[in-house]
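This briefing is meant to be read with the structure open beside it, moving from one topic to the next. Please look at each part as it is named.

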Amino acid sequence: MVPPSASNQAEQPAIISLEGVTKRFPGVIANDSVNLEIRPGEVHVLLGENGAGKSTLIGMLSGLQQPDAGRILIDGKPTPILSPRHALSLGIGTVFQHAMLVPGLTVAENLLLGEPWWRLPKKEALREKVTALADSLGVRIDLDAVASQLSLGEQQFVEILRALLRDSRVLILDESTSMLTPSGVEELGALMRRLVERGLAIVFITHKLREAAAFGDRISVLKLGRKVSEISPERFRSVGEDELIGEIVEAMFGKQHDDPDAANRSPNIFPVETPAILSVDNLTLAPSATTPGLAGISFELRPGELLGIAGIDGNGQKQLAEVLSGQEKASGGRILLENRPIERLSVGERRDLGLRYLTDDRLGEGTVGTFAVSVNFLLKQIDHPPFWKKGIEQSGLIERHAVQLMSEYDVRAPGSQTPVGRLSGGNIQKVLLARELAGGAKVVIFNKPTYGLDLANTLAIRQRILDIAAEGKGVLLISTDLEELLGICDRIAVMDAGKLTGIVDNSPTARTDVGRLMIGLAA
Amino acid sequence: MSDLFSDVFLGALFFGAVTAAIPLLLAGLGEQMSEKAGVLNIGIEGMMIAGAYAGFLGAYYSESLWLGFATGAFGGIVVASIMVLLCVRFGLNQIVIGIGLTLGFEGLTALLHHFQFSRTYPRLPAADVTVVPYLSDIPILGPALFKHHLVVYLAVLLVFVLAFVYRRMQLGLNLQAAGDKPAALDVAGVDVVRTRAFAVFTTGALAGLGGAYLANIGAGIFVPFITNGAGFLGIVLAMLARGRPFWVLCGALLFGVCLSLTTALQVAGINIPTDVIQMIPFLAVMAMLIMFGRKSSLPAALGIPYERGAR
């Protein structure tokens with residue numbers, strides 16, 4: 001019982017085919033032999049968490065980046081996409097995650113960008129075409145409005161219009177719903193359906209499962225740069241939404257058989273009466289324009305416990321870490337370190353009491369890239385004895401300290417004088433680790449410690465985290481990699497929109513419980 | 001005081017103002033185009049001095065002022081091509097390269113001039129003037145404004161041309177996009193490097209032309225360091241004019257009056273120390289910056305090299 005439309009669609013040849021496309025950035029494999037087919041009349045959803053490699057894939061399709069291996073076929077012919085202009089001429093229009101409109105120009109002027117430079121803009125002809133197109137799609141747009149004054153949804157529609165005006169056959173929407181209001185998302189979804197009915201191919205990138213199930217025809221799930229699952233339109237139609245979501249959750253968060261980094265630690269259960277080393281009570285932070293803030297975060301961390309914080313990136317994890325470390329001031333709530341309130345203390349005072357924070361921004365706020373490794377080890381103790389005496393650097397001592405830490409933490413660098421910015425991500429992380437664990441750490445907060453690292457370094461860092469917990473320190477591990485949390489944590493809390501939506505023990509059912517909490521379903 | 005505001009004094013003042021304003025106008029218009037496209041062109045002073053020297057040589061050897069203007073513009077383009085290569089193509093720091101070009105070409109032209117002419121300063125014959133019929137008969141202002149070399153009228157015409165380009169032409173949109181959000185221009189299928197290169201080459205040509213006018217018509221001779229900050233005044237004008245060519249014209253005329261005043265006041269024999277009089281144009285710059293400088297809104301991507309797909 002295959003619906004007739006489905007069999008028709010199956011005969012449609014793919015407009016774009018990716019064959020074994022691989023893209024590497026220094027220290028990271030963003031895409032690892034990805035195969036993908038994009039067919040007319042289909043919304044092809046690319047689903048995956050941050051860092052799954054979605055945006056890199058889009059960069060290659062839109063001509064901003066070139067694959068390192070593999071090939072891209074257009075209409076069955078191998079065609080390297082050389083530049084954005086080339087992508088447009090091949091009929092590939094992209095709506096990028098961050099609006100690509102010139103803020104000071106009007107909508108009409110933005111739509112006219114890209115015409116030959118010697119021309120006079122044909123505003124009247126454009127007006128006619130846009131009006132016809134917008135009417136047929138049931139949307140209104142003011143061509144004379146200045147782009148910077150449009151809402152994000154309107155800006156996105158202008159970009160979609162631009163792609164359509166150029167006779168695009170493939171429309172790529174990169175995280176287009178992430179900035180939209182719920183009604184804006186609905187409108188975009190309806191528009192996508194109308195466009196594929198006209199025979200357009202749409203590639204829709206999102207990390208929201210509901211949207212994928214609601215608007216998609218075909219879903220490919222990306223995870224850590226690899227395509228781990230594809231759900232065909234036939235399958236899409238034949239199963240119910242709940243079953244579909246279950247299948248996707250399994251693909252996104254499920255354990256993979258070939259995953260060699262799965263740690264097997266049996267979680268510790270701590271009796272309730274164990275005194276907490278860190279307790280956080282009703283911590284709040286006002287939301288800003290770009291961050292969700294914190295809404296009444298409470299939890300307790302016991303000595304030797306490894307508490308994981310799961311959640312889709314950008315749901316307040318970084319704010320939580322920064323409020324705990326003192327880099328940001330909470331608007332309310334209490335933080336007790338060994339029963340001592342520390343919420344009024346400065347970053348340095350908290351550090352001296354044993355609260356340590358390893359930022360995810362390793363090269364930005366974590367280290368000074370142009371400074372030597374040896375100095376980066378002491379970045380938070382500059383001008384303190386014994387390494388500085390009366391303002392004078394004790395270079396011999398600093399050097400010995402560095403050499404010792406480098407061997408202890410297996411930092412692989414040409415030498416202690418190498419600028420830290422030249423090291424790989426894994427080695428920079430080790431420098432940070434060595435620095436933060438030195439001298440009386442009691443509670444260590446990790447923010448995405450293995451993000452972007454290769455396997456060997458990932459395993460080494462995870463082992464180090466386990467060792468820290470085994471020494472009786474409290475560990476808070478913020479990660480967007482659920483596998484990592486399930487592998488090593490004792491308990492896992494889930495953050496969504498600045499709230500802790502639940503804390504579950506790392507039991508055999510934790511995988512599905514956390515997965516469901518992460519995508520906004522009750523555990 | 002009646003002497004001071006005599007017809008002769010005012011005539012000389014305004015005539016001198018136009019002559020002094022033209023190099024500033026050309027530099028300001030050129031700088032404006034670079035800045036619109038996102039390139040802060042500090043090297044414009046170097047482009048002017050190169051244009052002044054090349055223009056002077058062209059006119060001196062060919063005995064044609066027009067050929068002098070052509071070599072002057074070419075001299076500016078040569079310097080601009082270094083800026084295009086280093087700053088636009090390879091994305092090096094625009095301020096460092098700009099300062100380097102200015103200092104380098106000030107020194108180089110002085111050196112070459114010394115080798116070539118030693119300590120003599122050959123003078124070019126006075127320029128032919130094009131008299132605009134009827135308008136030049138207006139008392140005082142007529143002869144002051146409408147008895148100039150043809151290139152002066154062309155420079156003023158250029159203001160209108162550029163205003164048209166910026167407001168009405170596709171090129172104007174491209175230039176503004178290159179300065180405001182180059183990534184958007186790139187994904188719209190227009191090469192950002194080419195757009196910016198075009199702007200910087202045009203700046204070079206205009207600055208070179210301005211330099212040639214300064215040497216060949218304004219002074220009639222070339223002396224080392226003759227531009228004396230005219231390029232930097234052009235940068236000030238471009239920043240104050242906020243993308244509008246007419247404002248560059250107004251500003252250039254205002255500075256022109258101040259510069260002309262220094263000469264006119266000395267000629268009129270006013271009993272003020274020369275040093276004070278020569279401060280007037282620069283006091284005017286400071287006054288204008290204090291009055292309008294705060295409001296100047298510069299392109300968002302000004303001074304930032306564009307790299308495709310940078311993350």
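β21(A) and β22(A) pair in the antiparallel sense over six bridges, where two strands count as paired if DSSP finds at least two bridges between them. Helices (H or I, at least four residues) and strands (E, at least two) are DSSP runs, numbered from the N terminus. This is a predicted model, in which local features need pLDDT of at least 70 and side-chain atom pairs count only at pLDDT 80 or more, while totals for chains, interfaces and linings use all residues. Residues are numbered from 1 along each chain as its sequence is written, and chains are lettered from A and ligands numbered from 1 in the order in which they are written.

- Strand β19 (residues 443–447) of chain A runs parallel to strand β20 (residues 474–478) of chain A, and five bridges join them; Ile445(A) has Leu476(A) as its bridge partner in β20(A).

**Another sheet in chain A**

- Which order do the strands of the open sheet that contains β6 follow? The order is β6-β7-β8-β3-β9-β10 (chain A), a sheet of six strands with mixed pairing.
- β6 (92–95) and β10 (226–231) of chain A stand at the edges with a single partner strand each, so one side of each is left without a neighbour in the sheet.
- Strand β3 (residues 43–47) of chain A pairs with strand β8 (residues 201–206) of chain A in the parallel sense over five bridges, and Leu47(A) has Thr206(A) as its bridge partner in β8(A).
- Helix α2 (residues 54–61) of chain A packs on the sheet, touching β3, β6, β7 (170–174), β8 and β9 (218–223) of chain A, and its direction makes about 145° with that of β7(A).
- Helix α6 (residues 152–165) of chain A lies across β6 and β7 of chain A, running at about 175° to β6(A).

**Helix pairs in chain B**

- The axes of helix α11 (residues 245–267) of chain B and helix α12 (residues 274–292) of chain B come within 8 Å and cross at roughly 175°.
- α11(B) and α12(B) are therefore roughly antiparallel to each other, given that angles under 35 degrees count as roughly parallel, over 145 as roughly antiparallel, 65 to 115 as roughly perpendicular and the rest as oblique.
- The residues of this contact divide into ten nonpolar, four polar and no charged; Ala, Val, Leu, Ile, Met, Phe, Trp, Tyr, Cys and Pro count as nonpolar, Asp, Glu, Lys and Arg as charged, and the others, Gly among them, as polar.
- The axes of helix α2 (residues 44–62) of chain B and helix α3 (residues 65–89) of chain B come within 6 Å and cross at roughly 150°, and α2(B) and α3(B) are therefore roughly antiparallel to each other.
- Helix α1 (residues 7–36) of chain B packs with helix α10 (residues 230–241) of chain B at an angle of about 55°, with their axes 7 Å apart, and α1(B) and α10(B) are therefore oblique to each other.

**Where the chains meet**

- The contact takes 20 residues from chain B and 26 residues from chain A.
- On the side of chain B that touches chain A, α7 (170–180) and α8 (182–187) of chain B are the elements that give two or more residues, and α7(B) gives the largest share, seven residues.

Conventions: Contact = placed C-beta atoms within 7 Å. Axes fitted to C-alpha atoms, helices over the stretch in contact; angles between N-to-C directions.
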